[in-house]
Amino acid sequence: MTPRLILPLILCGMVAACDAGGVNPPTEPADPVTGPETQVPPTAPDRRPGAGPVRFVGLWAAQPAWCAAPQGDRRPINITPTRFEGYENSCAIASVREAVAGWDAVLACESEGQARRERVNMTVAADILTLTYVDRDGVSVKLGRCPAPTPPPTP
């Protein structure tokens with residue numbers, strides 16, 4: 001056999017050995033690739049303002065003056081991702097889930113020495129938070145977002 005004929009035969013043999021029946025015809029989709037390297041790692045919750053539940057985080061007051069000079073029951077409500085703090089009550093946000101309108105939360109509250117659970121719907125539009133207290137016959141309260149405090153000037 002001449003060297004010219006040997007090279008094509010070697011190449012054909014190599015291609016045939018690689019095939020081993022694992023190539024799908026062009027009319028059929030390939031099998032999905034699987035394995036640990038194809039798994040997508042879980043993403044962290046989006047904590048940017050306006051993304052998900054974080055929209056309701058902040059200081060909220062019925063009157064703008066309550067933001068600057070809180071006194072007694074005239075003070076803002078402070079909502080964090082895990083707490084709902086108001087005048088004479090302190091609540092942990094036991095659960096929160098996105099609803100058709102805003103977010104439905106279950107609060108585990110402590111008020112004047114009494115523990116209670118309360119359901120509330122929180123809806124944010126621009127800088128207005130509407131709290132609808134499900135367990136209080138659907139009573140709603142509208143609160144405005146308090147401006148962020150200005151830091152003291154640096155010397």
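**A strand-by-strand briefing**

Strands β3 and β4 make a hairpin with two residues between them, and E88 in the turn has a positive phi of about 55 degrees. Strands here are DSSP runs of E with at least two residues, numbered from the N terminus, and two strands pair if DSSP finds at least two bridges between them. Please keep in mind that this is a predicted model: local features need pLDDT of at least 70, side-chain atom pairs count only at pLDDT 80 or more, and totals for chains, interfaces and linings use all residues. Residues are numbered from 1 along each chain as its sequence is written, and side-chain values use heavy atoms, with hydrogens and water left out.

**The barrel**
- Eight strands close into a barrel, in the order β1-β2-β3-β4-β5-β6-β7-β8, with antiparallel pairing.
- On average, neighbouring strands of this sheet are turned by 30 degrees against each other, direction ignored (axes are lines fitted to C-alpha atoms, and angles run from 0 to 180 degrees between N-to-C directions).

**β3 and β4**
- Four bridges link β3 (residues 83-86) with β4 (residues 89-98) in the antiparallel sense.
- E85 has S90 in β4 as its bridge partner.

**β4 and β5**
- β4 also pairs with β5 (residues 103-111), again antiparallel, over eight bridges.
- A92 stands opposite A108 in β5.
- Four residues lie between β4 and β5 in their hairpin, where G102 in the turn has a positive phi of about 80 degrees.

**β6 and β7**
- β6 (residues 114-125) and β7 (residues 128-133) run antiparallel and are joined by six bridges.
- A125 stands opposite I128 in β7.
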